[in-house]
Amino acid sequence: MVQKKSTRRFNFILFTAPAFILYALFFLLPFGQGLRISFTNWDGLTPKTPISMDKADFESQILAKLAPGPDRDFVVSLYTLDTSERYSRQGLSGIKRYRLERILKKAGYSPETYKDVGFENYRSIFTGQVDARFYPRRYEERYFNPSSDLPIQIEVAEYEKHFLDKLDQDEAVLAAVFYDKAGDYYKLSPDMDEFEAEDPLYSLPALGWGRLSSSAVDDFVDAVKKAGLAQDEATLKAAIATFTAPLDEADRAQVEMAARKIFEIGEFKTLLASNWRAEKFDLGVVGFTIFFALGNVILANLLAFWIAMALDRKLKTKNILRSVFFLPNVLSMIVVALIWSFIFFHLLPKLTGIQTWMSDSAKAPWLLVMVSVWQAAGYFMVVYLAGLQNIPQDVLEAAMIDGASPWNRLRHITLPLLVPAFTVCIFLSIANALKCFDLVYAMVGPSGYAVGTVPFVMDIFFDAFARKLAGLATAKATLLFIAILAITGLQLYFMKRKEVQL
Amino acid sequence: MKRILAAVLVLFAFAGILGAQKLELYYYKQENQEGLKKLVDQFVKENPGISIDLLIVPNDADATMSARAAQGKLPDILQMQSYSRVAEYAAKGYLVDLSKQPVLAKVVDSSKPAVTWNSKLWGLPMDFAGIGIIYNKEIFAKYGLQPPATYRDLERLCRSLRTNGVTPFAGLLKENWSMGHFITLVHTNLLVEKKISADKFVADMNAGKTSYGVVDTDKLFSIMDFYRANMDKNAEEWNWNEQQAAFAEGKAAMMVQGLWSYGAAIGTNPKLECGFVPFPIFNDSAMNKFYADVDSCFGVSAQSAPDKKAAALKFLEWLATPQAQKIWVEDYKLTLSFKGANVSKLGGPFVDLMTGVGKNGAYPWAFASYPTAVFEDACKNGAQQYVFNKKTAEAVIADIDKQWAANVKK
């Protein structure tokens, strides 16, 4: 169809041009600005041009460097000197702001925390210079700190797996003195309770008479504990000798007994601290993001496809079921997070007896994938259902008459014809999962780093606003953008080639 | 005639609206929003030429603030945390210098360092807050227990509570800020033992002359372990709501919190009888003081138009009037930094705080003077990761040192 020239121009002005302008204004421009920030060390707060500045600084750093002329007049017109001897300007926008930035840049003004650093941000990301929590890594979990009190009880599985099994015979004998199995726990023997052992020291009669200060007792207990951890007899004896010098005979014996006990406990504490550890693997920000994306793409699509196949039959309840499965997608992510937080905190512990869910770093990544799949699957189901209903019945019937088995019909007719639906769904799930923020923020936000479930975007958020590294954050965002573009681009390219036309 | 009169009246009314200065007041202390609204309504009633829009950003407040600052659209009046946050915004030129404002003369001198940067004052210090142990008087009375004066007392107390089947501390481990407060509380206390003042410590850290591990770190982490060991077994799953509920319902006898959470607890259970004591770190009771300081202050944005600035200053000025102070204390339920302020209406724990601080003094909120990124990340996340066994004690200290150095260098 040939359009009249005037119609074409009309269409251009009415539809195409506004689209281009909006695209430039709301995508290209911010993107360019972001890209520029990613090459600076901006802290997210420093203004590019000063908002208010001491008179002397302003005159020496800015006014002195501007030659008389329209530029200088412009700057002078913006800043006013107030009563407290400071030059300040109001908030600016648009061209005025841009012009001021340009003038001051030419004058050589650049704030310490808004400087060009070239590729430094990118280099530090690729050379492992940014925070260790960003990268996947091995680390050691230590469950006991020798300067702390012995735990009153330790779960059986935990105690045996991470401690008891590592001990040789002598050490196991020592351990048996301290912890006894009682039900689900190994319990600390009351005889070996350090607090009880210390107590006689804090109830020495000399304390009441004022011959001894409580801080002297503190220092003594400290010294004995340190000697105990190091199993250093000589220091112990010396400490006892100095401490007991001003005491009565009876008190001396009491002190000596208590100190010996603490010393003995010290030996076991060292043993517990050096063995009760475990090698663990932390996915890091990058690892978790990949894990989350893979989990989402695979599980959400499988589940959605499976539900779609099930609901494509002639069921009486199919409309209700479709609505039920689609419903989670209507909810906002924050509501989803609240619902599931409630389930994980209140419901599941009561039903299963397992107490820790979201705070367990072994479970949390899986639970997050699960919730996100639950939320996303309904939407993909709708796409697959639409795809399934587009498959002509006559082809399937013809295959059936030819005697093709259900599997063969699925494999050679349904799946190939569904490839466009797969393309769309996989594209959406990759992009959404890599960009995930709200769900994780609402479910584990303030404990993300402790549980090890910080997705890429949340890390960017922390960098920009908590760690004051807006430049680095923007560099990370740019890399994420490139990664999403590359991955979805490849995926579209390969899947488009698989699509068949009837 | 009547019509003309009506028209004139309408015109005047419009002129009034058009002429009104519309200010935006940003605040992050969300515990008592109605109270603040009352305060603002009263001000607007007395000053018809000014209207104030309230903008609350409860979580990650600073993220929003810095984003708006970067856009050049900072609200006219800002509620800020004291020390570093004020210094940060003042240093970047976002704040109006308030040194010469008459209202600052009405503020007690001890609260001025909280808003000082470069020997000028950049904010109006408002509420004085303390972090310590809030305890349930009923539970203590039931088991014949006394509030702890020494660390030893606290250990004994926790034991008897546990033998009676009461959880000693309502924990809050799911949100990192609570452990962040706790590690710095213990750390600031332990500095006293080493005879280092908090100011000197921060200055030395800024100069790269000392380490966060300058204190007895064994003690630091053993107190953290002790604190964790006396929470519910499942405290890693607890957030603010769970903590407040457990304390208000009497499932746990104590919580280590600022008094802001007293308001929340009392909201759930109005019959709750609470007391407030310092978290004791030492066995010498004279050394145990409240961890208390100026929490929030108001600043005025330097980006605002001159007439808006004037209106904002008028508001700050008005805050010192008796009727404003009354609403602040009775409805917003916070203490005040004005000379001769009457805070007796606030209830038991606040009186405990004020008398405790009046008698023994207080330890300053050193964390408020740390570079903000260090407190937000290395302290908060570090302490939380330690409790989750994700980080060793040495690594926590090393990361704080590293991040501190990086932030000072900038």
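Domain bounds come from an automatic or database domain assignment. This is a predicted model, in which local features need pLDDT of at least 70 and side-chain atom pairs count only at pLDDT 80 or more, while totals for chains, interfaces and linings use all residues. Residues are numbered from 1 along each chain as its sequence is written, and chains are lettered from A, with ligands numbered from 1, in the order in which they are written.

**View 1. The domains of chain A.** Chain A is assigned domain 1 (1-29), domain 2 (47-108), domain 3 (141-282) and domain 4 (284-498). Take the C-alpha centres of domain 1 and domain 4 of chain A, and you find 36 Å between them.

**View 2. Two helices of chain A crossing.** Here are helix 13 (residues 284-311) and helix 16 (residues 364-390) of chain A, whose axes come within 6 Å and cross at roughly 40 degrees. Helices (H or I, at least four residues) and strands (E, at least two) are DSSP runs, numbered from the N terminus. Axes are lines fitted to C-alpha atoms, for helices over the stretch in contact, and angles run from 0 to 180 degrees between N-to-C directions. Helix 13 and helix 16 of chain A are therefore oblique to each other; angles under 35 degrees count as roughly parallel, over 145 as roughly antiparallel, 65 to 115 as roughly perpendicular and the rest as oblique.

View 3. Three strands of chain A make an open, antiparallel sheet in the order 1-3-2. Its edge strands, each pairing on one side only, are strand 1 (52-54) and strand 2 (80-81) of chain A. Strand 1 runs antiparallel to strand 3 (residues 86-88) of chain A over three bridges, and A:Met53 has A:Tyr87 as its bridge partner in strand 3. Two strands pair if DSSP finds at least two bridges between them.

**View 4. The two domains of chain B.** Chain B splits into domain 1 (21-127 + 295-339) and domain 2 (129-293 + 362-409), with C-alpha centres 28 Å apart. Twelve residues from domain 1 of chain B and ten residues from domain 2 of chain B make the contact, where two residues are in contact if their C-beta atoms, placed from the backbone, lie within 7 Å. On the domain 1 side, helix 4 (residues 84-91) of chain B gives the most, with three residues.

**View 5. Where chain B meets chain A.** This contact draws 48 residues from chain B and 46 residues from chain A. Helix 15 of chain B gives the most to the chain B side, with seven residues.
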